[in-house]
Amino acid sequence: MSVPKIVILGGGYGGLMTAKGLQKELNYNEAEVTLVNQNSYHYITTKLHEPAAGTAHHDHARLAISSVINTDKVRFVQDKVTAIKLEEKEIQLENHEPLQYDYLVIGLGSAPETFGIRGLLENAFFIRNINGVRMIREHMEYMFSRYQNEKKEELITIVVGGAGFTGIEYVGELVDRMPELCREYDIPLEKVRIINVEAAPTVLPGFDTELVDYAVKYLESKGVEFLISTPIEECMEDGVILKGGREIKAATVVWTGGVRGNKLVEDSGIETMRGRVKVDEFLHAPGHDDVFVLGDSALVINEEINRPYPPTAQISTQQGQLLGKNLVAKIRGGEMKSFKYMPKGTVASLGRKEAIGFVGTKKYYGAKAALLKKLIDLRWLYLLGGVSLVLRKGKL
Ligand code: FAD
Ligand code: NAD
């Protein structure tokens, strides 16, 4: 007798949590579960700003999928998804035969949102994956290495486009990295410029103003320049053009101006908003009872303010945890439970020793917040691989 085939696309926060749940709950031969991911590893996206600045090695932000998934229970296919064929219930892959599914889980994450800004895709760097952050670090170091010969200020000027959480966390890491980098290349620290450009009238728009003030004062005290209410309108090989025509010369431009859903999802014919699927309470894609979407690929409305929840690892993890259980219920003919997001708080690092955030209604700053951020990172390792993974990979 054939068993239901469950195919999970993406080994990120949502996909891995779903796979972990299924491998725990399913009985022998109750379903055939396949996880597809383009790399052999999961990247810990919430840490990518560290290797991007060079404050940590990129291996610190990735884990072999085979080390966290029981491959006797979940078949792992390392390949790139090239198309999702809903009518045929088929997934096309770059290097393997197509996969058939009875139930599909889409957790393919996001892509940079460039809003059609000229030159961004060609000239800016993005903090999105391991290869991307390796390139940022090496490019920045190479630019610094050229400075003594060429003495051009743009070589040691870094523009970060967007002062959302990714932008702020990256700028915080750069601040930590600069003293060492400048020593290495004999560059006076005060000559380096880190410019964070933000279109909205404030850094971290929508976040608690007291916490934002703390972050801005701290980063400014370390030499960061903020340009707010200043959209970037064009990116060139040697800098950016701001609204109004002002040009900033910079050899390194890193775009952290927002994300949209993975294009494969909109190409599948599922209706999307900026590439994200407005899912129902069970995380179904509209009109498809056999297709579930989660993480950055999904869009869930916060009914209190009638706006989507921001795409985060936190919501992706909670969705994966529920989906694992719901799929087991569905296969067994039981009832699925509705997804209810339980926000636990938000903490953003400002380098290794500083952070801002809140848990519940309590605000945290400085070293306490930095410790909280590290504990949140350790929790993810714990969810993936228990105490042994925390001891092996975790770092306070
Ligand atoms: P992802 O974790 O992005 O995983 C998607 C997976 O799909 C990846 O493994 C990718 O390789 C794979 N994939 C994509 N396309 C294909 C394809 N065609 N074929 C095969 N595989 C494919 N959120 C928080 O809650 N807290 C934080 O502190 C935080 N910090 C962040 C810091 C940074 C620098 C960034 C960039 C984001 C941060 N976020 C944070 C947001 C968070 O990382 C994302 O919301 C989260 O990763 C989304 O999880 P996901 O499972 O949807 O996708
Ligand atoms: P974001 O959308 O949160 O922020 C992007 C910022 O770029 C916005 O402030 C926007 O106004 C600005 N921007 C847009 N166009 C611009 C332009 N032309 N010029 C200058 N600025 C421009 O994106 P993000 O920071 O990449 O975050 C993505 C998601 O990941 C969010 O949901 C965020 O909450 C989450 N995240 C969370 C954490 C954390 O919890 N510590 C860290 C990083 C990311």
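Biologist: Let's start with one residue. Where is Leu 283 found?

Modeller: Helices (H or I, at least four residues) and strands (E, at least two) are DSSP runs, numbered from the N terminus. Leu 283 sits in the loop between S20 and strand S21 (284-285). Before we go on: this is a predicted model, where local features need pLDDT of at least 70, side-chain atom pairs count only at pLDDT 80 or more, and totals for chains, interfaces and linings use all residues. Residues are numbered from 1 along each chain as its sequence is written, chains are lettered from A and ligands numbered from 1 in the order in which they are written, and side-chain values use heavy atoms, with hydrogens and water left out.

Biologist: Got it. What is the phi of Leu 283?

Modeller: Most residues other than glycine have a negative phi. Leu 283 has a positive phi of about 75 degrees, and it isn't a glycine. Arg 274 is another non-glycine with a positive phi, of about 45 degrees. Arg 274 lies in the loop between helix H7 (263-267) and strand S20 (277-278).

Biologist: How many disulfides does the structure hold?

Modeller: For a disulfide you need a pair of cysteine sulfur atoms within 2.5 Å. The structure has 0 of them.

Biologist: On to the ligands. Which residues are closest to ligand 1?

Modeller: A residue is near a molecule if one of its heavy atoms lies within 4 Å of it. For ligand 1 there are 32 surrounding residues, with Tyr 13, Asn 37, Val 81, Asp 296 and Lys 373 the closest. An oxygen atom of ligand 1 is 2.9 Å from a polar backbone atom of Gly 14, and a nitrogen atom of ligand 1 is 3.2 Å from an N or O atom in the Asn 262 side chain. Accessible areas come from the Shrake-Rupley method with a 1.4 Å probe, where for residues only the protein chains shown count as cover. On its own, ligand 1 has 1000 Å² of accessible area, and the protein covers 90% of that.

Biologist: What classes of residue make up the shell around ligand 1?

Modeller: Ala, Val, Leu, Ile, Met, Phe, Trp, Tyr, Cys and Pro count as nonpolar, Asp, Glu, Lys and Arg as charged, and the others, Gly among them, as polar. The shell around ligand 1 has 8 nonpolar, 18 polar and 6 charged residues.

Biologist: And what does the shell around ligand 2 contain?

Modeller: By class, that shell has 13 nonpolar, 8 polar and 3 charged residues. Among the 24 residues around ligand 2, Thr 166, Glu 198, Ile 232, Pro 311 and Val 347 come nearest. The Thr 166 side chain has an N or O atom 2.9 Å from an oxygen atom of ligand 2, while a polar backbone atom of Val 347 is 2.9 Å from a nitrogen atom of ligand 2. The protein covers 77% of the 840 Å² of accessible area that ligand 2 has on its own.

Biologist: Last one: which domains supply the shell around ligand 2?

Modeller: Domain bounds come from an automatic or database domain assignment. Domain 1 (5-113 + 259-344 + 376-393) and domain 2 (125-255) each give at least three residues to the shell around ligand 2.

Methods:
A polar contact is a pair of N or O atoms within 3.5 Å; within protein, one must be able to donate a hydrogen and the other to accept it, and residues adjacent in sequence count only if both atoms are side-chain atoms.
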